[in-house]
Amino acid sequence: ELIRRGESFAGMSEASRSKIADIGHSFVQDGCTVLAHGTSRVVTALLLKASESKQFNIIIMNGPDGAG
């Protein structure tokens with residue numbers, strides 16, 4: 001049961017990342033600069049989706065734990 005729930009959660013997470021990228025990439029405009037604090041799979045998916053049709057700059061700031 002635990003494995004099944006884990007797999008279900010992983011599937012929902014992947015679908016959510018994809019949906020956020022599909023909707024959110026339109027907010028990134030061609031030629032703009034995006035400032036991100038740290039990294040996440042959601043932000044990465046959104047920026048990769050936006051890069052399919054636009055050119056833009058990305059500045060990633062490091063977090064306190066060095067992520068980014």
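Strands are DSSP runs of at least two E residues, numbered from the N terminus. The legends below describe a predicted model.

**Figure 1. Overall arrangement of the protein chain.** The chain holds 2 helices and 2 strands, in the order α-β-α-β from the N terminus. The C-alpha trace spans about 50 × 30 × 15 Å along its principal axes. The radius of gyration is 15 Å, whereas a compact globule of 68 residues would have one near 11 Å. Of the 68 residues, 21% count as buried. Among contacts with a separation of 6 or more, 63% are accounted for by residues 24 or more positions apart.

Figure 2. Threonine 33 lies in E1, which covers residues 33-37. Its relative accessible area is 48%, so threonine 33 is classed as partly exposed; the limit for exposed is over 50%. Leaving out residues up to four places away in sequence, threonine 33 touches Asn57 and Ile59. The C-alpha atoms of threonine 33 and phenylalanine 56 are 5.8 Å apart in space, although the two residues are 23 residues apart in sequence.

Figure 3. Leu46, Leu47 and Ala50 are the buried residues of H2. Viewed down the helix axis, these buried residues fall within an arc of 95 degrees, and therefore they line one face of H2. An α-helix has 3.6 residues a turn, so residues three or four places apart point the same way. Arg41 and Leu48, on the other side of H2, are exposed. The packing partners of the buried residues of H2 are helix H1 (2-24), E1 and E2.

Figure 4. For leucine 46, the contacts beyond its neighbours within four places in sequence are Ile20, Ala21, Gly24, His25 and Val28.

Methods. Residues numbered from 1 in each chain as written. Predicted model: local features only at pLDDT ≥ 70, side-chain atom pairs only at ≥ 80, totals over all residues. Heavy atoms only, no water. Contact = heavy atoms within 4.5 Å. Helix = DSSP H or I, 4+ residues; strand = E, 2+ residues; numbered from the N terminus. Buried < 20%, exposed > 50% of the residue type's maximum accessible area, 1.4 Å probe, protein only. Arc of directions from axis to C-beta. Rg over C-alpha atoms; globule rule 2.2 N^0.38 Å.
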